[in-house]
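Here are a few friendly notes to read alongside the model. Have the structure open as you go through the points.

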Amino acid sequence: MPTTIPLDWYLMLSAVLFVTGVIGVITRRNAIIIFMSLELMLNAVNLTMVSFSAYNGNIGGQMFVFFIMAVAAAEAAVGLAIVLALFRNKQTVYVDEVNLMKW
Amino acid sequence: MDMHVLLFALFAVGAVASAVLTVTRRNPVASAMSLVAHFFMLSGLYLTLEAQFVAAVQVLVYAGAIMVLVVFVVMLLNLGNEHRLQERSSLRSVMGTLIAALFAVQVIITLLAHPTGMNAMSPQALTIGTTESIGQTLFTTYLFPFEAVSLLLLAALIGSVILAKRHVK
Amino acid sequence: MEWTKLLIWVAKGAILVNAMLVSAAYMVLAERKIAAWMQNRVGPNRVGPWGLFQSFADVIKLNLKEDIVPAAAHYQFHALAPIIAIGVAITLYAVIPFGDYVIIGGHTIQLGMAPNMNIALLVILAMTSVAVYGITLAGWSSNSKYSLLGGLRSAAQMISYELSMGLSVVGVLMLSSSLNLSTIIRSQADLQWNLFYQPIGFLLFFISSLAELNRAPFDLPEAEPELVGGYHTEYTGMKFGTLYLAEYANILSASALMTALFLGGWDVPFLPKLLGLQPGSIELALLQVGSFLTKSFALVFVVIWVRWSLPRFRYDQLMTLGWKILLPIAMANIALTGIGILLFKH
């Protein structure tokens, strides 16, 4: 049964979610929470992809969601490994305390 | 009220609320659990879009694998200390927040002024979200990206093992 | 709005949840009785005839106990963990078909909440992977080293064995070419059970589910001699009871899943044709549900039997088994199944 929800609603929702993610990345210091905010942004884009795919009847959008998920999984593995290495070397996960390379 | 609209409203409000909780909680575990709730809400939204396979994979991959990893790392590092998480508000973050919010407002205003005109889902939407059609497309049209992604995952696997190892000789 | 449909759904849900919780409570008693029997003891025999009301006594006792939360605990998460555990355990039952369908008064009633879901198996895998949160949160929020160690161990263990569990089902999926549990069960009709076509898959699935359920010989997350009680060390009263119930509910759902995937589900060989039962009749439905439950509880018995027969693994042995033995075997099984399908089905 097709819904009566216009596509615009999904797009507005994903814009709001994306911006929530952006704000998280900008305001937080904890590397893990920044990582989670990045995931929020990726998922907002995924939502756009899936809604376009459903409203246009084109499967390409859902395919892209898969590839984004795979990339997100890879990013999670590497990113968290970096956070672990960082914590081991500097005993911190706060990005503003990692300033050795800062001029 | 239509059932679909009701479900959309429920999941949309839930998604926004859990997203806001994710970026505002001081405790990383609270953030992570809100994000898990957010993924469940998104999965519900995908179901309202008839993308059943994506909805299942969303929970399986994000909530079941990625976030478990995050929670695992948070617990391993024992980051629960509340007082060390006091965040300073600076000009940079205030400006950033404002500009980001402006972007959302802009998108919403544009969409309100010029609606896309797509008021109902395509009739094919019911069939393209199933496991069969996804599998068929994934292993025919998108075979090359699929293989490329498998290589990427392998590289990430090796990279993360080396990064997380204590002594690399 | 179709009110009768809604009413049937609510009724089915109520019956399912209650039946599940009661059987989970009785499985605790069954475990104690079977353990006693295997160790030549009597077991609980004070409450009611043969101790049959022991489960109710336990539940009443747990409800009346004081709920102690450690002062240093993260109390919100401490309360949230049992809810997640039992919620995930109940959700799993929604997709399991306990029988085909029955026609009562012109209404076709499916015997299950959502038995024809096209992504049923993915939902089950997703929910089992979400189940990790209940245990890790319980371990972390208690703020006790025994709980934390138990929680982290179980997270690592469940992530590791999820892989071989997921891969061991792939053979079944290839044979029935569907993720829909009802279709998988129908493809095994008349004793064409997947157990005979996928013996390796069944064994792998059984071992991995033992590990997923944190059952002996893989019960390291709650290894008594080293970790006191594991992740539920700091739980008391009904919160402890809820965690415990969720554990047993998961054993039952894993057994039901194995029944559906490998033992033909509700399939009763030859008997319906002999008796001339019509599809949709109440007699056949009862027979199917009976057969499904018999198979499931037989598997539950095997799970309990394993616990009281085998010693516990060491942690490194557990990881070696999961990653270096079960995972390669599961992959080889997929390849073998593919070759078999190519040779015999085409």
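1. Let's begin with the fold of chain A. Please keep in mind that this is a predicted model. Going along the sequence, chain A has the pattern α-α-α. That makes three helices and zero strands in chain A.

2. Now for the overall form of chain A. Its C-alpha trace spans about 55 × 25 × 25 Å along the principal axes. The radius of gyration of chain A is 17 Å, whereas a compact globule of 103 residues would have one near 13 Å.

3. How much of chain A counts as buried? The figure is 56% of the 103 residues of chain A. If you take the contacts in chain A between residues at least 6 apart in sequence, 43% of them join residues at least 24 apart.

4. Next, the way the chains meet. Two pairs of chains are in contact, and the pair sharing the most contacts is chains A and B. Chain A does not touch chain C, and the nearest C-alpha atoms of these two chains are 14 Å apart.

5. The contact between chains A and B deserves a look of its own. Chain A brings 61 residues to this contact and chain B brings 72 residues. On the side of chain A that touches chain B, helix H1 (7-27), helix H2 (31-56) and helix H3 (60-90) of chain A each supply at least two residues. Which helix gives the largest share of that side? H3(A) does, with 20 residues. By type, the residues on the side of chain A that touches chain B are 44 nonpolar, 13 polar and four charged.

6. Helix H3 (residues 75-93) of chain C packs against helix H4 (residues 120-141) of chain C at an angle of about 160°, and their axes are 8 Å apart. Angles over 145 degrees count as roughly antiparallel, so H3(C) and H4(C) are roughly antiparallel to each other. The crossing of H3(C) past H4(C) is left-handed.

7. Finally, the residues where those two helices meet. From H3(C) they include C:Phe77, C:Leu80, C:Ile84, C:Val88 and C:Leu92. Among those they meet in H4(C) are C:Ile124, C:Met127, C:Val130, C:Tyr133 and C:Leu137. The contact of H3(C) with H4(C) has 15 nonpolar residues, four polar and no charged. C:His78 and C:Thr91 in H3(C), and C:Gly134 and C:Ser141 in H4(C), also take part in this contact.

Definitions and conventions: Residues are numbered from 1 along each chain as its sequence is written. Chains are lettered from A and ligands numbered from 1 in the order in which they are written. This is a predicted model: local features need pLDDT of at least 70, side-chain atom pairs count only at pLDDT 80 or more; totals for chains, interfaces and linings use all residues. Two residues are in contact if their C-beta atoms, placed from the backbone, lie within 7 Å. Axes are lines fitted to C-alpha atoms, for helices over the stretch in contact, and angles run from 0 to 180 degrees between N-to-C directions. Helices (H or I, at least four residues) and strands (E, at least two) are DSSP runs, numbered from the N terminus. Angles under 35 degrees count as roughly parallel, over 145 as roughly antiparallel, 65 to 115 as roughly perpendicular and the rest as oblique. A crossing is left-handed if the near helix is turned anticlockwise from the far one by less than a right angle, and right-handed if clockwise. Ala, Val, Leu, Ile, Met, Phe, Trp, Tyr, Cys and Pro count as nonpolar, Asp, Glu, Lys and Arg as charged, and the others, Gly among them, as polar. The radius of gyration is taken over C-alpha atoms; the globule rule is 2.2 Å times the number of residues to the power 0.38. A residue is buried if 20 or more other C-beta atoms lie within 10 Å of its own, exposed if 12 or fewer, and partly exposed in between; C-beta atoms are placed from the backbone.
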